[in-house]
Amino acid sequence: MSATVLVVDDSATVRQQVGSALKLAGFSVVEAADGVEGKARVSAGGVNCVVCDVNMPNKNGIELVEELKKDPAHKALPIIMLTTEGAPQLVQRAKAAGASGWIVKPFKADLLVAAVRKLTS
Amino acid sequence: MDATEFLTAAYLDALSEVIEHYTGVRPVTTACESNDPSGLGSVVGFADEQVKGSSVLTAGAAEVLALSPTPDADPGDWLGELNNQVVGRLKNKAVPGGLLFQLSPPVTADGAAVRFRVADAVSAHYSASWPGGTVRALLALTVPAGLFLNPDDATVVAEEGSLNLF
């Protein structure tokens with residue numbers, strides 16, 4: 001059974017692009033438009049990996065990581081940040097919060113797929 | 001280096017890099033007096049303790065879709081994301097200069113003839129052209145007089161397209 005990846009980004013086009021790359025690689029994909037929706041979707045169950053933007057309205061990506069990782073149920077959930085941000089301070093904050101990786105947009109589909117495959121294997 | 005010169009050069013590099021990523025062609029960027037109205041416009045603001053600014057991109061839907069890797073993208077949404085990526089690259093280029101910008105979420109407008117004006121900042125209009133079309137840009141900056149940046153080459157910023165697994 002293929003792993004289910006949650007794509008969280010406020011841009012519908014980015015969600016579409018990431019989703020297409022992952023579906024082509026055999027993953028199931030669900031979407032959320034911000035951190036609030038993302039948290040609700042994870043809490044609903046069935047998500048094996050999260051690919052998440054950083055700058056989003058309502059709840060940003062790092063806040064989402066911090067909140068999810070407070071819950072022991074999500075301690076092992078892989079979360080990859082997919083963002084335009086590259087500043088080392090932000091990368092370190094995400095790492096400290098429990099994120100699994102960091103990809104700077106625009107993303108290369110093969111790298112993204114390889115990362116998700118590695119983290120869900 | 002003068003901060004306004006540094007940021008303007010970084011912005012034009014960022015704009016060119018984003019267009020080149022999605023088209024494979026480095027666009028020709030030219031300064032303009034003003035920009036003709038277009039059907040779509042996107043605004044992304046950025047600010048840190050010293051410097052504030054806005055990036056405005058305008059283009060027709062066809063040009064925006066020419067920059068999309070998926071043919072059925074929503075042109076307004078995609079123009080907003082392109083602007084987000086341009087300003088994101090600007091932010092990353094400014095980090096070694098000691099500026100850590102916060103970005104606003106993209107705001108997009110669409111209409112018959114969308115034109116943007118700047119009220120209270122130094123601004124400049126540009127066009128970025130490649131064989132598939134032209135995107136117009138407006139960069140507005142508020143920079144303290146006499147601000148100079150000395151980029152620290154030792155500052156490591158994650159590169160666009162890079163993957164870092166922790």
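How many residues of chain A are in contact with chain B?

## The interface

30 residues of chain A are in contact with 30 residues of chain B. Contact means heavy atoms within 4.5 Å. This is a predicted model, where local features need pLDDT of at least 70, side-chain atom pairs count only at pLDDT 80 or more, and totals for chains, interfaces and linings use all residues. Side-chain values use heavy atoms, without hydrogens and water.

The area buried between chain A and chain B is about 2,500 Å². Carbon and sulfur atoms give 59% of that area. Buried area is the accessible area (1.4 Å probe) that two parts lose on being put together, summed over both. Gln17(A), Thr84(A) and Pro106(A) supply 22% of what chain A buries against chain B, more than any other three residues.

## Salt bridges

Chain A and chain B share 2 salt bridges. Each needs a side-chain nitrogen of Lys or Arg within 4 Å of a carboxyl oxygen of Asp or Glu. One of them joins Lys91(B) to Glu85(A), with the closest N and O atoms 2.6 Å apart.

## Two helices in chain A

Helix α2 (residues 35–43) and helix α3 (residues 61–70) of chain A pack at about 25°, their axes 9 Å apart. Helices here are DSSP runs (H or I, at least four residues), numbered from the N terminus. Axes are lines fitted to C-alpha atoms over the stretch in contact, and angles run from 0 to 180 degrees between N-to-C directions. α2(A) and α3(A) are therefore roughly parallel (angles under 35 degrees).

α2(A) brings Gly35(A), Gly38(A), Lys39(A) and Val42(A) to the contact. α3(A) brings Leu64(A), Glu67(A) and Leu68(A).

Conventions:
Residues numbered from 1 in each chain as written. Chains lettered and ligands numbered in written order. Parallel < 35°, antiparallel > 145°, perpendicular 65-115°, else oblique.
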